[in-house]
Amino acid sequence: MEFKLISKLDKKYQVEIIPCFEDCEIFKYGDVLNKLKKQKLFEGKKGTHYLFNKNDADEIFQIVFMGLGKKSELTYEYFYKSVVSVFEEMKTNLVGDVLFYPIECTNFDDRNMLKAIILACNACCYKFDKYITKKSENSKFNIYIYANKNEDLDELLNIKDAINLTRDLVNEPSNFLTPEEFGNRCIEQVKDLNIDIDVYDENWIKQNSLKALYEVGKASVNKPRFIVMKYFGGNEKDKVISFVGKGLTYDSGGYSIKSSDGMVTMKCDMAGAASVLSLMTLVAKQNLRVNIFGVIPTCENMINGNGFKPGDVIGSLSGKTIEVISTDAEGRLALADGVYYAAKNLNSDLIIDIATLTGACGIALGTKYAAVIDNDENIFDELNNASKNTVDSIWRLPADKEYLSLLKSDVADYKNIGGRYGGTITAGLFVGEFVLNKPWAHIDIAYVAWNDFSTKILPKKGATGAIVELLYNFCKNNENA
Ligand code: BES
Ligand code: MN
Ligand code: ZN
């Protein structure tokens with residue numbers, strides 16, 4: 001499937017998709033629409049569409065009117081979802097090309113209209129069929145978008161590719177995607193880009209006292225890695241932003257073992273890391289004028305004779321000690337070393353960590369919103385701004401320091417869990433204790449990175465690629481800042 005922008009209609013298409021508002025005329029097939037309206041068969045209402053076949057010489061074409069409701073009320077998200085629902089239906093018997101007609105919209109611009117079409121069709125067609133021996137055949141077709149404007153298609157395609165890269169990595173089973181392999185994938189992905197990369201091994205992690213990360217990864221035969229990527233496309237004076245991604249290639253829970261049901265999807269526990277890698281590649285491809293680091297502590301949380309145990313007291317890169325109450329609260333331990341490294345060794349002016357951190361996040365916010373915990377209101381506003389005209393949704397939780405008392409330990413500086421209530425907040429606050437008071441935000445993507453639920457935006461099953469676009473917009477909005 002390829003996307004093409006065209007400014008002339010000089011070929012035939014199997015399907016023509018025509019967006020229609022309730023309260024506007026359309027410039028092609030207006031006569032048909034008027035008849036439909038008269039018969040009340042289709043009126044352009046939100047959530048409706050109408051398909052009819054058209055005879056042209058000896059060929060038959062399909063025309064789909066896509067209802068979008070009132071022009072002034074259309075949002076980006078609704079437009080995206082409309083494209084999904086029409087394209088999901090059409091894609092099953094496509095053999096020829098598809099043409100989208102443009103809309104002019106009051107609430108978002110042409111670039112975002114094109115982006116919604118591209119990302120929505122891409123989400124409908126995304127497949128992870130690498131390990132299926134008899135692959136279903138991909139029908140070959142192109143998607144043409146009729147747009148007079150000279151928009152930057154390359155950027156939109158790069159965004160699409162970055163989202164797909166995240167999906168591919170998150171869908172990859174952990175017996176293939178070990179921490180070592182994650183390091184290799186990072187090297188492979190950045191090799192032709194203006195990105196420096198270091199992949200440090202277990203010895204380095206030990207020698208450099210990343211003790212919390214080391215403890216989490218200790219029981220696995222697949223040894224941990226600490227990955228640092230650097231892209232400096234800005235000026236020397238511009239601020240340095242570090243993105244730290246939780247990279248648990250598998251989370252069994254360790255001795256605080258998960259139920260077998262809870263374990264099945266835990267290959268997704270490196271989604272934060274995958275989005276950081278994808279972000280780095282996207283920012284570098286677009287040559288954004290920003291200075292950013294991508295930091296990925298990656299390991300596997302397993303069980304064996306030398307694993308860390310509930311009740312153990314462990315160290316960390318910061319020097320602070322931690323009483324391990326649950327070995328299943330491992331992500332915050334790996335992140336503690338990751339964000340501290342970013343704060344101290346990379347001289348970051350701003351730190352953003354992204355992690356599939358707590359099941360409680362799904363209880364608090366459901367499966368559409370990622371949670372944000374931060375120590376700086378402006379950062380949240382910036383992140384929220386970056387989510388505009390995307391299908392990434394975030395919601396701020398109170399980072400009330402009063403809750404830090406829940407992390408008090410009798411035998412160490414901290415406990416690694418804060419009890420039953422406000423689990424997403426205490427997890428976030430825990431990570432925030434290791435950023436040396438630098439401006440910081442934590443994004444908990446536990447329930448948006450993976451889709452088991454039909455309520456979410458596509459793909460229907462497996463990795464979603466959520467938050468990548470938000471992070472990219474955040475960088476774009478911070479050019480030369
Ligand atoms: N990786 C999990 C969080 C998670 C849960 C991600 C469901 C995706 C879907 C994390 O390491 C974890 O196990 N968190 C525990 C924390 C608890 C022990 C305080 C949880 O949420 O149960
Ligand atoms: Mn866990
Ligand atoms: Zn985890």
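Select Tyr255 to begin: with a relative accessibility of 37%, this residue counts as partly exposed, a class that lies between buried (under 20% relative accessible area) and exposed (over 50%), judged with a 1.4 Å probe and protein chains only. Tyr255 sits in the loop between strand S10 (247–251) and helix H8 (260–263), where helices (H or I, at least four residues) and strands (E, at least two) are DSSP runs numbered from the N terminus.

The model is predicted, so local features need pLDDT of at least 70 and side-chain atom pairs count only at pLDDT 80 or more, while totals for chains, interfaces and linings use all residues. Residues are numbered from 1 along each chain as its sequence is written, chains are lettered from A and ligands numbered from 1 in the order in which they are written, and side-chain values use heavy atoms, leaving out hydrogens and water.

Next, select Trp204 and Phe226, whose ring centres are 5.7 Å apart with planes at 15 degrees, so the pair is stacked; rings of Phe, Tyr and Trp (its six-membered ring) pair if their centres lie within 6.5 Å, and planes under 30 degrees apart count as stacked, over 60 as edge-to-face and the rest as tilted. Trp204 belongs to helix H6 (residues 202–207) and Phe226 to strand S8 (residues 225–232), and both residues are buried.

Tyr341 lies in helix H10 (residues 331–344), so the pair ties together parts 115 residues apart in sequence.

Finally, select helix H14 (residues 468–477), where eight of the ten residues are buried, so the helix is largely enclosed by the rest of the structure.
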